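Here is a short briefing on strand pairing and backbone geometry. Take a look at the model first.

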Protein chains: 2
Amino acid sequence: MRVHPAVEALGFLLGTWSGTGRGRYPTVAPFAYREEVAFSHAGRPFLSYRQETFAEDDGRPLHAEVGYLRCAGRAVELVVAQPTGLVEVDEGTLEGTTLSLSSRLVGRTSSAKAVDQVRRTVRVDGDVLTYRLEMAAVGHRLGLHLEAELRRA
Amino acid sequence: MRVHPAVEALGFLLGTWSGTGRGRYPTVAPFAYREEVAFSHAGRPFLSYRQETFAEDDGRPLHAEVGYLRCAGRAVELVVAQPTGLVEVDEGTLEGTTLSLSSRLVGRTSSAKAVDQVRRTVRVDGDVLTYRLEMAAVGHRLGLHLEAELRRA
């Protein structure tokens with residue numbers, strides 16, 4: 001099936017990616033994780049996104065998130081829901097195969113931890129995807145939280 | 001795998017549900033749709049939720065959404081992302097097997113239509129799930145948008 005023209009520019013993301021990453025934040029001990037990410041499409045003007053991470057030591061599930069990617073002119077939009085009770089609306093730009101997104105909104109349920117800002121940078125070089133996620137949360141300024149390197153299956 | 005105790009009260013939702021629904025809104029012609037909904041779990045303190053609808057006449061894909069359900073004490077929390085560029089944070093209560101949720105927040109990307117409020121009521125009676133979705137959007141007051149009756153596979 002052909003990728004919808006509206007998201008053709010994001011076609012380089014399509015596929016299932018897996019690899020490892022490292023997490024840190026002032027509030028937690030540094031940690032390592034395995035990750036699986038999938039970008040898929042069904043011929044409609046958006047890509048579906050899902051992500052799961054697992055502890056590198058014992059394989060226990062850590063994080064997960066799901067959402068959709070859209071294009072609006074030269075802008076790229078990402079909406080995400082997380083089982084931690086968070087939602088994100090991110091917007092940004094695509095240059096070559098590098099996606100630079102910043103949160104326009106981070107919403108949360110009453111019982112979720114406060115996240116104020118998220119910045120996601122995703123680069124694809126052939127079959128290698130690297131990303132950095134910076135976060136401002138629970139009173140801390142924007143700082144590196146996650147970085148990972150994944151390979152396309 | 002056992003449902004996590006934190007979301008045991010929502011266990012009645014688990015499974016894949018399919019059926020038909022009707023949509024209306026002051027801005028669109030009434031429409032009929034087929035729908036598939038799945039609530040699943042992986043032993044963690046949330047349920048995963050995904051939904052897809054298809055036109056009843058020619059089967060073309062209509063809407064989709066994904067998200068997570070959580071419990072916080074007696075409250076139920078739902079976070080949702082939609083390919084229309086919307087995110088929802090809904091909160092509410094569970095009485096028996098009826099879930100009544102109202103949006104605490106509806107967020108959107110720059111290119112998405114404005115939705116101001118959503119109210120979702122989901123009832124399960126054995127293997128039948130019915131829901132109503134009310135919405136206030138693009139300047140209209142809260143009013144019925146969707147209602148459907150689904151059966152557990």
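Which residue in β5(A) is the bridge partner of Arg70(A)? The partner is Glu77(A). The model is predicted.

**Burial of β5(A)**
- Strand β5 of chain A spans residues 75-82, and seven of its eight residues are buried.
- The strand is therefore largely enclosed by the rest of the structure.

**Pairing with β4(A)**
- Strand β4 (residues 61-72) of chain A pairs with β5(A) in the antiparallel sense.
- Seven bridges link β4(A) and β5(A).
- The hairpin of β4(A) and β5(A) has two residues between the strands.
- In this hairpin, Gly73(A) takes a positive phi near 65 degrees.

**Pairing with β6(A)**
- β5(A) also runs antiparallel to strand β6 (residues 86-95) of chain A, joined by eight bridges.
- Val79(A) stands opposite Val89(A) in β6(A).
- Three residues lie between β5(A) and β6(A) in their hairpin.
- Gly85(A), in the turn, has a positive phi of about 90 degrees.

**Positive phi at Val138**
- Val138(A) has a phi near 35 degrees, a positive value in a residue other than glycine.
- Val138(A) sits in the loop between β9 (128-137) and β10 (143-152) of chain A.
- Its relative accessible area is 41%, so Val138(A) is partly exposed.
- For Val138(B), phi is near 35 degrees, again positive in a residue other than glycine.
- Val138(B) is found in the loop between β9 (128-137) and β10 (143-152) of chain B.
- Val138(B) counts as partly exposed because its relative accessibility is 39%.

Key: Residues are numbered from 1 along each chain as its sequence is written. Chains are lettered from A and ligands numbered from 1 in the order in which they are written. This is a predicted model: local features need pLDDT of at least 70, side-chain atom pairs count only at pLDDT 80 or more; totals for chains, interfaces and linings use all residues. Side-chain values use heavy atoms; hydrogens and water are left out. Buried means under 20% relative accessible area, exposed over 50%, partly exposed in between (1.4 Å probe, protein chains only). Helices (H or I, at least four residues) and strands (E, at least two) are DSSP runs, numbered from the N terminus. Two strands pair if DSSP finds at least two bridges between them.
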